[in-house]
Amino acid sequence: MSTVPITKRGAEKLKDELHKLKTIERPNVIAAIAEARAQGDLSENAEYDAAKDRQGFIEGRIQEIEGKLSVAQIIDPASLDAGGRVVFGATVALEDEDTGDKVTYQIVGEDEADLKLGLINISSPIARALIGKEEGDVAEVQAPGGVKHYEVVKVSYL
């Protein structure tokens with residue numbers, strides 16, 4: 001099984017979610033199932049069915065997070081020394097050559113990606129186009145609206 005890159009912040013976020021699921025959500029749903037069982041006939045008990053569904057979701061999510069953390073390669077962007085090249089974890093300031101719009105993205109793992117926060121998935125078209133580039137290079141990105149050209153203005157490792 002291959003490793004999956006994730007930033008230190010992303011790994012902490014997953015560990016926090018796992019802790020919450022195991023210490024808060026799991027006991028709550030077990031209590032809800034016990035309470036629903038105490039009400040009698042389970043065949044017509046909507047609360048019981050809902051609690052069992054929730055338990056299935058929680059247990060599935062726990063397994064999913066544990067699986068991801070077991071194959072995770074945790075990368076601390078602050079400790080990277082890529083010589084100014086764009087690599088996983090790098091924060092990249094870009095300028096659209098057509099419009100002059102400036103954007104900043106950090107290249108992160110699948111579970112961390114959130115475009116609104118400027119976090120883009122390593123497997124996204126723009127991230128793939130940026131990997132290996134340096135300040136001053138132009139990345140050509142195949143976007144739904146056509147080809148876009150971005151100049152790499154700054155690369156930092158935060």
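Two strands count as paired here if DSSP finds at least two bridges between them. Strands (E, at least two residues) and helices (H or I, at least four) are DSSP runs, and I number them from the N terminus.

**Entry 1: ground rules**

I am working on a predicted model, where local features need pLDDT of at least 70, side-chain atom pairs count only at pLDDT 80 or more, and totals for chains, interfaces and linings use all residues. Residues are numbered from 1 along each chain as its sequence is written, and side-chain values use heavy atoms, with hydrogens and water left out.

**Entry 2: the chain as a whole**

I counted three helices and seven strands in the protein chain. Read from the N terminus, the order of elements is β-α-α-β-β-β-β-α-β-β.

I then looked up the overall dimensions. The radius of gyration, taken over C-alpha atoms, is compared with a globule rule of 2.2 Å times the number of residues to the power 0.38. The protein chain has 22 Å, whereas a compact globule of 158 residues would have a value near 15 Å. Along the principal axes, the C-alpha atoms fill a box of roughly 70 × 35 × 25 Å.

For burial I used relative accessible area: buried is under 20%, exposed is over 50%, and partly exposed lies in between (1.4 Å probe, protein chains only). By that rule 35% of the 158 residues are buried. The accessible surface (Shrake-Rupley method, 1.4 Å probe) comes to about 9,500 Å², with carbon and sulfur atoms supplying 51% of it.

I also checked contacts, meaning heavy atoms within 4.5 Å. Of the contacts in the protein chain with a separation of 6 or more, 54% are between residues 24 or more positions apart.

Which order do the strands of the open sheet take? I read 5-4-3-7-6, five strands with mixed pairing. Strand 5 and strand 6 (138–143) are the edges, each pairing on one side only. Neighbouring strands are turned by 45° against each other on average, direction ignored; the axes behind this angle are lines fitted to C-alpha atoms (for helices, over the stretch in contact), with angles from 0 to 180 degrees between N-to-C directions.

Strand 5 (residues 119–121) runs parallel to strand 4, joined by three bridges. One of the partner pairs is I107 with I120 in strand 5. Strand 4 (residues 102–108) is antiparallel to strand 3 (residues 91–96), with five bridges. T91 has Q106 of strand 4 as its bridge partner. These two strands form a hairpin with five residues between them, and G100 in the turn has a positive phi of about 85°.

**Entry 3: salt bridges**

The criterion is a side-chain nitrogen of Lys or Arg within 4 Å of a carboxyl oxygen of Asp or Glu. I get nine salt bridges by this rule.

R26 and E59 form one of them, with the closest N and O atoms 2.8 Å apart. The pair links distant parts of the chain: R26 lies in helix 1 (residues 8–38) and E59 in helix 2 (residues 46–70), 33 residues apart. R26 is partly exposed at 25% relative accessibility, and E59 is partly exposed at 27%.

**Entry 4: around R61**

Is R61 buried or exposed? R61, which sits in helix 2, is buried, with a relative accessible area of 17%. Leaving out residues up to four places away in sequence, I find R61 touching L14, E17, L21 and K68.

R61 forms a salt bridge with E64 at 3.2 Å, N to O. The two are separated by about one helical turn because they are three residues apart in helix 2. E64 is partly exposed at 37%.

Next I looked up K68, which forms a salt bridge with D111, the closest N and O atoms being 2.6 Å apart. D111 is partly exposed at 34%, and K68 is partly exposed at 22%. Through shared partners, salt bridges join E17, R61, E64, K68 and D111 into one network.
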